[in-house]
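I opened this one to see how the chains are built and how they meet. Here are my notes, in the order I looked things up.

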Amino acid sequence: MKIRPFTMKIGVAILCAFFWHCSEEPLSSELNHSTLYLDTLLINDVEFINYLIYPTLGSNEKLYLGTKDSIDIPITFIEMETPSYINYWGYLEDTNYTIDSIRLLLFSNDSSLEQESTPHLYFSPDSHFNENSSNHLDFDGLVLSDWIDVGKPRIKENILDTSNTFLYSQLIWSLDTLKDALYDTSDSNLVRTFALQFPDENSSFIELFSEEAASNVTDPQVLIYYHFDVSSADTTIYDTNFVTIFSSSDLSIIKPKYSHADTSKIGLSSGLGLRAKMNISFSANDLLLLDGALIKSANLEIPIDTTISDSGYKIIIDPIKNYSSEYDPSNIFLNDPYLSYGLPYRVSNNTNGQNYVVSLKDYFQNIVLGNVNNIGYKIVGDDKNSPFLSVWFDLNDSTKKPQIKIVYVSF
Amino acid sequence: MNGFGIGHLYQNQGIEAAHSGVSYLVPSFQREVSLSNPSTWQNLKYTFLSISYAGNESHLNELKNTNGYSILSNASWILPIKSKYSFGVVLSPYADQRIELVAQDTLLFIAYGDSLQTLKTINRSGGLMSFKLGGSYKLTDRLSLGTTFNILFGSSRFSESINFNMTNSAIQSSRVKYNGFLNQLFLSYKPTKSSNFYFSFESTIKSLEGAFQKKTLFEDYDNNMYHDTYEFPNPDSLNLISEIKIKNLHSPSTYRFGMKKTFNMRSEFSLELKAFTDAYKKSGFTIIPLNNSINRSVSQNISYQRFPDDLSFNILDRFTTRIGLSSLKHFLENENASVTELGFLIGLGYKFKPIGNQLDLSFYYGRRSYTKYDDQELVRQVQLSTSIADLWFVKRRQK
């Protein structure tokens, strides 16, 4: 069959019909028969227990040393990195470079530091610590007599920015005498660990910035000042410069003065290693109501005892995935016995006045979906909280109990 | 109409194709041929391929709401065999399910001191298609039989939602995949040279079945009705929900009767009656948008057709004229409600080439009234069809 002009015209007419004006407007109607509904559910059956672990402060933004509020911090470790791109430590042995000086810098937000209240710096080329897991048990009986004592620092106070605002004070140690030890090619296990310790057990206390505080600004760092000559027939160029090597890990060893968890009150303190476990019980009717539901919001509210708690304390709630050991209030755990999910179920918020409120929506939805189990929840203070702060829950006031306020959509 | 039962049956949407007018059984395509009545197909002289395209629009007077769409309304391929038998296939829409309903009122929900403005909506999209295989057999010069086997297929998506403070929504969506099998028997009887009687009975061989899959409720942050990866809960965290078979969603029985009287060889008056019942069963799984279904319909139509004079050279004698009036009444299952429709059709067809190619254009205007709703719906439909005739399966002499 040939396509004739007339047939073509028919085709064009059909194509034109495709351009018929289409419109879709919603109709207004009674929707009482819709099965979708919005409702609330209040869960009051929330219980807590305290437990203790040996504290670690590897990710705290400060380094501490000394004694404060029943917490003893006898020693602080800093390990300097070995730069992977250019190993600047190699400059110490390179004959092309003349080393002028080597300095270790630490930073403090104390504008009135005095040299008498500063610690000694010690160096060891082969001492190890683990920023994330080392605790005071690992260093009980540690004597720094085998370490090289660098002495007290020089203090450079009141370093200001361009608008004359105080930035920090610097503690500066000269490492010139450690030049050979810092780059010892015969030592295959060179780690360059420094320790800070007060030479005598007095009541001094000092806070310094750790490497977590601000990237490559107030990190513990070593500066190597050097110069080199470039000579030609009639010219000699004399160039001076310096390189910066930052710390790779740092840790203050905390030794709290406790013997067991106080179960009469429920509280949190990262300095004491005080943590809590929370159990939320759903009744059979609760589970029936939430079956297939969409959790619109699920806010956990815990009243805070403001008389003994520090304000603005950041609390993390992490749902428990599994147990590594049974709960024992007389025990201090080396590692946290509750293995938790972490992100995305881990949630956090700061205490706000008389309450701590955090959303458990995501985890509750996954309980409803059957993806996770409601074993319990680990409650810990954020590592960035000061170890000397604590928060305590008010569980004795019958007018304000811990509760979970759920708003859900179901059908 | 889209909000009732399985949707708006296309047989109730004005006319089915431009070449059929308001009639279904009574011939209006050609003098002795209705493309929707297989018992007349053997009267075709050539094989026909007919395509019909429709533009539909309905307007609610009070609500000032207009909805419209265009669609391929019919595609038929019919092969007559020795003027005694015929075979044909027809593809056409069967039901349109598209509708979006918004609750009349916004409700205030107060939860733990926070207030939420909530607004419910129901949305359904998709529909059903019909694929017919049919044929006919001429028993005698006066009596012929026809039949079609009608395969129904399609799918729809349904969603209920609650919108919060005109921002995000909670959406419950589901999907249904349909299949069903109908059969229709046709009979044509010509007692005299100028009068014809037609009868058809449609029955259900396998009632419409739906493979229903309910999706998990989700929070639609951007109100695009789609569960995006950044929406709650994360789609990756959801387990696949198995399908549930739902039977008896639609089980029609339809009786049709038609008669025509011919005057002056070219003009015909016809009358057609239809009675439709649907023995569906309510399902606890699916929600019907308007919470009602049509369980019975009756319709009547009268029409006048004037066909071309094949022997005339006058161009005006090549036109087919169709005028029709139709009346439909649909009875709803709940609340003793009904829907009535009065419609008027005017159509023209132009026959060209000796083999009888045909171009048809029809316009339908109807007024629909709902007893439950104090509103009238105006229905407009334009249909355009082209029918190409040719000899198929005949060896041609080489030039």
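**Notes on chain B, the interface and chain A**

I began with burial in chain B: 45% of its 399 residues count as buried. I keep in mind that this is a predicted model.

Next I looked at secondary structure. I found 19 strands and 0 helices in chain B.

Then overall dimensions. The C-alpha trace of chain B spans about 85 × 45 × 40 Å along its principal axes. I checked the radius of gyration too: chain B has 24 Å, which agrees with the value near 21 Å for a compact globule, because that is what the rule gives for 399 residues.

I also asked how far apart in sequence the contacting residues are. Taking the contacts in chain B with a separation of 6 or more, 66% are between residues 24 or more positions apart.

On to the interface. How many residues of chain B are in contact with chain A? I get 39 residues of chain B, in contact with 38 residues of chain A. Strand S3 (residues 65-81) of chain B gives the most to that side, with 6 residues. By type, the chain B side splits into 21 nonpolar, 13 polar and 5 charged residues.

I then looked for strand pairing across the two chains. Strand S1 (residues 27-29) of chain A runs parallel to strand S5 (residues 99-103) of chain B, and 3 bridges join them. Within this pair, A:Ser28 has B:Val102 as its bridge partner.

Now chain A by itself, around strand S10 (residues 166-174). S10(A) pairs antiparallel with strand S6 (residues 98-108) of chain A over 6 bridges, and A:Arg103 is bridged to A:Ser174 there. S10(A) also pairs antiparallel with strand S9 (residues 154-160) of chain A, this time over 5 bridges. Here A:Lys156 stands opposite A:Gln170. I followed the chain through this hairpin: 5 residues lie between S9(A) and S10(A), and A:Asn164 takes a positive phi near 65°.

Last stop, helix H4 (residues 361-368) of chain A. Is H4(A) mostly covered or mostly open? Mostly covered, with 6 of its 8 residues buried. The buried ones are A:Lys361, A:Tyr363, A:Phe364, A:Gln365, A:Asn366 and A:Val368. I note that a lysine, A:Lys361, is on that list.

Note on methods: Residues numbered from 1 in each chain as written. Chains lettered and ligands numbered in written order. Predicted model: local features only at pLDDT ≥ 70, side-chain atom pairs only at ≥ 80, totals over all residues. Helix = DSSP H or I, 4+ residues; strand = E, 2+ residues; numbered from the N terminus. Rg over C-alpha atoms; globule rule 2.2 N^0.38 Å. Buried ≥ 20, exposed ≤ 12 C-beta atoms within 10 Å, placed from the backbone. Contact = placed C-beta atoms within 7 Å. Nonpolar A, V, L, I, M, F, W, Y, C, P; charged D, E, K, R; others polar. Pairing = 2+ DSSP bridges.
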